[in-house]
Amino acid sequence: MATVRSPGAQGGVARDVAQTVVADFGVIFALIFGGCCSNAWALEATTKQLPASGTLLTLVQFAATAFVALLGQLEWRKVHGVSVPCVRRPAVPLRRWAVQVVLYFATSLLNNTAFAYNIPMSVHIVFRSGGMVVNMLLGWAIDRKRYSLLQVLSVALVTAGVVVATLSAAHPAHSAGGSTQQYATGVLLLSLALLSSGVMGIFQEHTYGIYGREHWHEALFYSHLFALPLFLMQSPALAAQVREANATRPQWLGVHGVGMRVPSYYVVLALNVLTQLLCVNGVNRLTSRVSSLSVSLVLVVRKAASLVISVVLLNGHTGNVALWGGALAVMVGTVGYTYGGLQRPRKIRSKAD
């Protein structure tokens, strides 16, 4: 005989489900807005203290991410009757991850190095949001995709917003001889990073198309692990940056008189890495639960919050019309592009079809 639940019991189940959903998304939003916005603050504090520490910053970020991702790649195997932890056999050929490693390494290094060329965090945030124009051009040229009118107009709006926001800081108040040239060099580095990121995105889409999208964690692990030996090519610059970091003002870490003094740079560097891991965790959780449009909306709001924190709270400025107007154009264009892409872009048919 079927069991009939009372209205009170059914209400209790619905209430428990609702509380679980609210708690789950509460954690996700705390990770995204707490972790990502704190990461923007920590990154700005790190690059303000040592603007030319891009290589050291990238190395620590990659090493920490590889270690944390390793924990998800381990499995227990019997070796001579003894259970030992081993790295899970990769589902995707390592040669494909090797290509992605080079592209991801170049993207991260270029982005972090740009801070040494008078690129404000506000411009950095806006500029990195303009990657969709590169993705669209590469998708059209390589994958022969077609895009909707809304997507094309959105990309044009994003491009205009990036240009306006970038030019708004082209002549800083502390300009001196050569500062404009330095700024242009920084913009060039960010542009190359966008191109490298776009190529990496296309290659990653092809990889996921062949082997499935469930291997994102494997991609995270190998793209960071295999990049670590590439830092040997940067060893002279890395050694110089370590010396500069060691020479920063000592800061006391400890409680009740128990602790030690460490160079202050490493404190903000550790906060940068920790908050980055929290941010990545939150974004991946959100991506697995909601649509791409919802993810885009949340990340747009998060970037807006990071921009306000950087300009208003950390630097005590109000910004200017060009900066805020450009940022608004980028955010509106991002949402429009994502909404226009809800339908899969069509490929151009060849004459042989």
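Modeller: Buried means under 20% relative accessible area, exposed means over 50%, and partly exposed is in between, using a 1.4 Å probe and protein chains only. Ile 202 is buried, because its relative accessible area is 10%. This is a predicted model, in which local features need pLDDT of at least 70, side-chain atom pairs count only at pLDDT 80 or more, and totals for chains, interfaces and linings use all residues. Residues are numbered from 1 along each chain as its sequence is written, and side-chain values use heavy atoms, with hydrogens and water left out.

Biologist: Where does Ile 202 sit?

Modeller: First, the elements. Helices (H or I, at least four residues) and strands (E, at least two) are DSSP runs, numbered from the N terminus. The chain has 12 helices and four strands. Ile 202 is in helix 7.

Biologist: Which residues is Ile 202 in contact with?

Modeller: Contact means heavy atoms within 4.5 Å. Neighbours within four places in sequence aside, Ile 202 contacts Leu 138, Gly 139, Ile 142 and Asp 143. Take Leu 138: it is 64 residues from Ile 202 in sequence, yet their C-alpha atoms are 7.5 Å apart.

Biologist: What share of the contacts in the chain with a separation of 6 or more comes from residues 24 or more positions apart?

Modeller: The share is 78%. As for burial, 39% of the 353 residues count as buried.

Biologist: How do I read a nonpolar core?

Modeller: In soluble globular proteins, nonpolar side chains tend to be buried together. A nonpolar core is a set of buried Ala, Val, Leu, Ile, Met, Phe, Trp, Tyr and Cys residues joined through side-chain atoms within 4.5 Å. Here the largest one has 41 residues. Ile 119, Val 126, Phe 127, Val 162, Tyr 265, Leu 307 and Tyr 337 have the most contacts inside it. Helix 7 gives the most to this core, with seven residues.

Biologist: What does Tyr 337 contact, leaving aside its neighbours within four places in sequence?

Modeller: Tyr 337 contacts Met 132, Met 136, Tyr 147, Gln 151, Ser 154 and Val 155.

Biologist: Is helix 4 enclosed or open, and why?

Modeller: Seven of its eight residues (121-128) are buried, so helix 4 is largely enclosed by the rest of the structure. The buried ones are Met 121, Ser 122, Val 123, His 124, Ile 125, Val 126 and Phe 127.

Biologist: How do I describe two packed helices?

Modeller: Use the angle between their axes and the distance between the axes. Axes are lines fitted to C-alpha atoms, for helices over the stretch in contact, and angles run from 0 to 180 degrees between N-to-C directions. Helix 3 (residues 94-113) and helix 8 (residues 216-225) pack at about 60°, with axes 8 Å apart. From helix 3, Leu 94, Trp 97, Gln 100, Val 101 and Tyr 104 make the contact. From helix 8 come Glu 218, Ala 219, Tyr 222, Ser 223 and His 224.

Biologist: Which classes of residue make up that contact?

Modeller: Ala, Val, Leu, Ile, Met, Phe, Trp, Tyr, Cys and Pro count as nonpolar, Asp, Glu, Lys and Arg as charged, and the others, Gly among them, as polar. The contact has six nonpolar, three polar and one charged residues.

Biologist: Where is His 215, and is it buried or exposed?

Modeller: His 215 lies in the loop between helix 7 (179-211) and helix 8. It is buried, at 16% relative accessible area. Residues up to four places away in sequence aside, His 215 touches Ala 91, Val 92, Trp 97 and Tyr 208.

Biologist: How many salt bridges are there?

Modeller: A salt bridge is a side-chain nitrogen of Lys or Arg within 4 Å of a carboxyl oxygen of Asp or Glu. By this rule there are three. In one, Glu 44 pairs with Lys 48, with the closest N and O atoms 4.0 Å apart. Both lie in helix 1 (residues 7-49), four residues apart, about one turn of the helix. Glu 44 is buried, at 7% relative accessible area.

Biologist: Which residues are linked in a network of salt bridges?

Modeller: Glu 75, Arg 77 and Arg 88 are. Arg 77 and Glu 75 have their closest N and O atoms 2.9 Å apart. For Arg 88 and Glu 75 that distance is 3.7 Å. Arg 88 lies in the loop between strand 2 (82-87) and helix 3, and Glu 75 in strand 1 (residues 74-79), so the pair ties together parts 13 residues apart in sequence. Glu 75 is partly exposed, at 26% relative accessibility. Arg 88 is also partly exposed, at 32%.
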